[in-house]
Amino acid sequence: MPDAIGRPQPGSLEPIRTETTWGFLISYPNIGGTDADGLVPVGTPIDLDNCAREPIHIPGSIQPRGVLAVVLEPGFQIRQVSANVADVLGKSVPEVLGHHLATLIGADQAAQIQQAAAAFGDLRQRNPLELEIEVAGRPRAFDALLHREPGGVLLVELEIAYGERPFSFPNTYQAVRSSVEELNRTHSIAELYDATARAVRDLTGFDRVMVYRYDQDYNGEVVAECKRDDLNSFLGLHYPASDIPAQARAMYEKNWLRLISDVSYTPAPLVPALDPDSGTPVDLTHATLRSVSPIHIEYLQNMGVQASMSISLLRHGKLWGLIACHHYAGPHLPPYGARAAAEFLGSTLSLRLVDRFDEDQLRERLAAQSTLTTLTNASRNDGEPVAATLLGSPSLLDLVPAAGVAVRVGGKYRVLGTVPPPEVVSAVAAWARGGAAEVAATDCLSGELPTLELDPAVAAGVLALNLPDGQHVIWFRHEAVRSVDWGGDPHNKAIAVREGDGIRLSPRKSFDRWREIVDKCSEPWTSIQIESAEALRRTLVEELYRRTRGALLLAEVMQRSLLPASIPTVAGWELSADYRPAAGGRVGGDWYDAFQLPDGRLVVLVGDVAGHGLSAAGAMAQLRNALRSQLFGGTTPAEALSRLNAFGVHLMPRAFATVVVARIEVDSGRVEAASAGHLMPFHTGPVTGMAPIRLSPPIGVRGAAYAASTFTIDRGRGLVMYSDGLVERRGATIDDGVGRLAQALSGATLHSAAGISTAVAPHDTEDDVTVVTVYRS
């Protein structure tokens, strides 16, 4: 027999899985282990340890205020029905199961449902269908709610009708018209919240109606309340995200209104428990009568709630809050029309809040854009250091409000406002660079750098821009000590309940105001402030590049000094190489290499580091030297690339490069090759095509593996390696360029790298061009 909460006692069941509902035990055949989405298997006993993974969309039962029939279209045969059908409609389960819907509700009523189901469009827009069903010889009014599931399944919910009829959208709007007008007259979000809470309580008659808003972590706060005068206020209380698990929030985004008319209800199970064809529980996500989690029921009972209703508040389809309704005097069932009107009010509130939020965001963005434009223009004054131009009027503190900002740009270090000592700034900059992101932000720096001595009055939160060559801009915010009032202790949200020989974790019973002091944290950085910082970073990178154009000559000299002064002369082979910088003298990250090993084998390669200028040239130099030493030591191309990637990931985390390497036995023409994300070389000759080299990830990808390939260059055939600058052309794709190269190589006698560059490369290329050719004569 089940225990007090419906959990089976040991030894009381056959070896099948069970699902526990509130006061009822539903048996399921074993249908497998944990679901693919991480939910626990159906039938697993639920407590606070696993309730966040409870499959609440397939409870296998309903609330008994109505009847649910699972019907298969187009024959409208009843496949499953709730066990309370005799209590509500006076028909036994065997009488209706497997029969036409008319057996349950009568021929005329079934015809109405069939007609509605056959109509085009969303069935929910036609809900409810108003039916008059004969029960025990007397006609009784019912609301029929339809929802279509995949596989021809139609859910038919039959609720005993209450309230004014006929139900219609004009009637619904009339019920809320004055409330909508009041919402439109509000001047602040707080007034909007308050007006909504009052209107929903007037419509539905609940003892307490709250507007509940989530933060970015889904902790909730009661921001408005309308209640009975004798009830304690919940206004301003916070509730932890765990009170409403993620799968429940996801369901709230799909089904906007949920009603529990009697918290002490006994669930009515579906018979049979599983779909006869699929052998799986029916999805009740959109069912109005869906039974709810026993943990949620226990949570409400611990609060003294006898009936509950919630309405989703959405922003761009995502849940940001709820209208939560509680009743304490006993069960409470608002008529369908009142519920529909309250849902309409919730949708109206969502739209109004989205409008207000978007308007506020637009004003903030426009102000930030104006400040950024002024700062950008000031930074272009070549007579002033970039750092100085950022700290004038307006300053970086006008772009992103903070207590202070530290700037290390263009060889200058400047500060404005209150900032920590330079050694702390340097440690924060190192932390920001370690994340490998362009912008790093935290409102609790002590949590990120627990060993660093920080004064929270100066540096509790930071927003940092990572700039090239170790430069940075870092805003600092001081501590903003604040108190948070929780509905019960959020750190002790469960109590242990002994059940027989076991212990079960149960929802907390105390919801008294519990105050938590939050310290060592700053005000959080808003999304617009982070966007503004990102936009500033782009501006600074461009300006720093403009100011360092004179250094590009040095970068080009460095790059050319690292290219081979000459390439090997090998009997029976013709080698050539050609390098051309980008138009305008921009230095890229191309490099090539060609040398013979002590055993006579020939190594040729082409690489390309992402980026331009000194940083790209410096990265190229390090990668080129590291790879050359590996290959000269006898390492295979694939292993050399693997070691190069490990070198880059650990010592050059921002470097990203592509490389293709070939090691050739000059006597036989046998080639060992590997490619790290590079454009595939061409194998030229009587038939020209892509070389048979397997493609592997670029250098700079953590955990990448590099595949080895082998093939042979016969006499009269060759290999053409090249960088992307050869085949890139403005307004065309890389594939187009590769096609042009293939056409130039096919049937031609182009053996020299310079000839290929001249024939194929665009004259105004924005990237450098490298070509290396190997031909076996």
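Buried residues make up 51% of the 777 residues in the protein; a residue is called buried under 20% relative accessible area, exposed over 50%, and partly exposed in between (1.4 Å probe, protein chains only). The structure is a predicted model, in which local features need pLDDT of at least 70, side-chain atom pairs count only at pLDDT 80 or more, and totals for chains, interfaces and linings use all residues. Residues are numbered from 1 along each chain as its sequence is written, and side-chain values use heavy atoms, with hydrogens and water left out.

**The whole chain**

Helices (H or I, at least four residues) and strands (E, at least two) are DSSP runs, numbered from the N terminus. Switch to a surface view: the accessible surface comes to about 34,400 Å², and carbon and sulfur atoms own 52% of it. Such areas come from the Shrake-Rupley method with a 1.4 Å probe; for residues, only the protein chains shown count as cover. Among contacts with a separation of 6 or more, 65% are between residues 24 or more positions apart, where contact means heavy atoms within 4.5 Å.

**Helix H4**

Select residues 107-118, which form helix H4. Its 12 residues reach 16 Å from the first C-alpha to the last, close to the 16 Å expected at 1.5 Å a residue; the expected span is 1.5 Å times one less than the number of residues. Which residues of H4 are buried? They are Gln-109, Ala-110, Ile-113, Ala-116 and Ala-117. These residues are on the same side of H4 because they cover an arc of only 125° around the axis, the arc being that of the directions from the helix axis to the C-beta atoms. On the other side of H4, colour Ala-107, Asp-108, Gln-115 and Ala-118, which are exposed.

Next, select Val-153 in strand S8. This residue counts as buried, at 12% relative accessibility. Leaving aside neighbours within four places in sequence, Val-153 is in contact with Val-70, Val-71, Leu-72, His-147 and Arg-148. Ile-78 is 75 residues from Val-153 in sequence and 9.9 Å from it in space, C-alpha to C-alpha.

Move to Pro-74, in the loop between strand S4 (66-72) and strand S5 (77-82). A cis peptide bond joins Glu-73 and Pro-74, with omega about 5°. Phe-76 is also in the loop between S4 and S5; its phi is near 55°, a positive value in a residue other than glycine. Most residues other than glycine have a negative phi, and most peptide bonds are trans. Is Phe-76 buried or exposed? At 5% relative accessibility, Phe-76 counts as buried.

For another positive phi, select Asp-469, where the value is about 60°. Asp-469 is in the loop between strand S19 (461-466) and strand S20 (472-477), and is exposed, with a relative accessible area of 62%.

**The nonpolar cores**

A nonpolar core is a set of buried Ala, Val, Leu, Ile, Met, Phe, Trp, Tyr and Cys residues joined through side-chain atoms within 4.5 Å. In the largest core, of 50 residues, Trp-591, Val-604, Leu-627, Leu-641 and Val-659 touch the most other members. Centre the view on Leu-627, which touches Trp-591, Leu-605, Ala-640, Leu-641, Leu-644, Val-659 and Val-661, not counting residues up to four places away in sequence. A second, separate core of 30 residues includes Leu-89, Ala-110, Phe-142 and Leu-154.

**Salt bridges**

How many salt bridges does a search of the whole structure find? The search finds 18, a salt bridge being a side-chain nitrogen of Lys or Arg within 4 Å of a carboxyl oxygen of Asp or Glu. Select Glu-531 and Arg-365, whose side chains meet in a salt bridge (3.0 Å, N to O). The pair links distant parts of the chain, 166 residues apart: Glu-531 is in helix H14 (residues 527-547) and Arg-365 in helix H9 (residues 336-379). Glu-531 is partly exposed, with a relative accessible area of 32%, and Arg-365 is partly exposed at 36%.

Finally, show Asp-599 and Arg-601, which meet in a salt bridge (2.9 Å, N to O). Salt bridges that share partners join Asp-599, Arg-601, Arg-663 and Glu-672 into one network.
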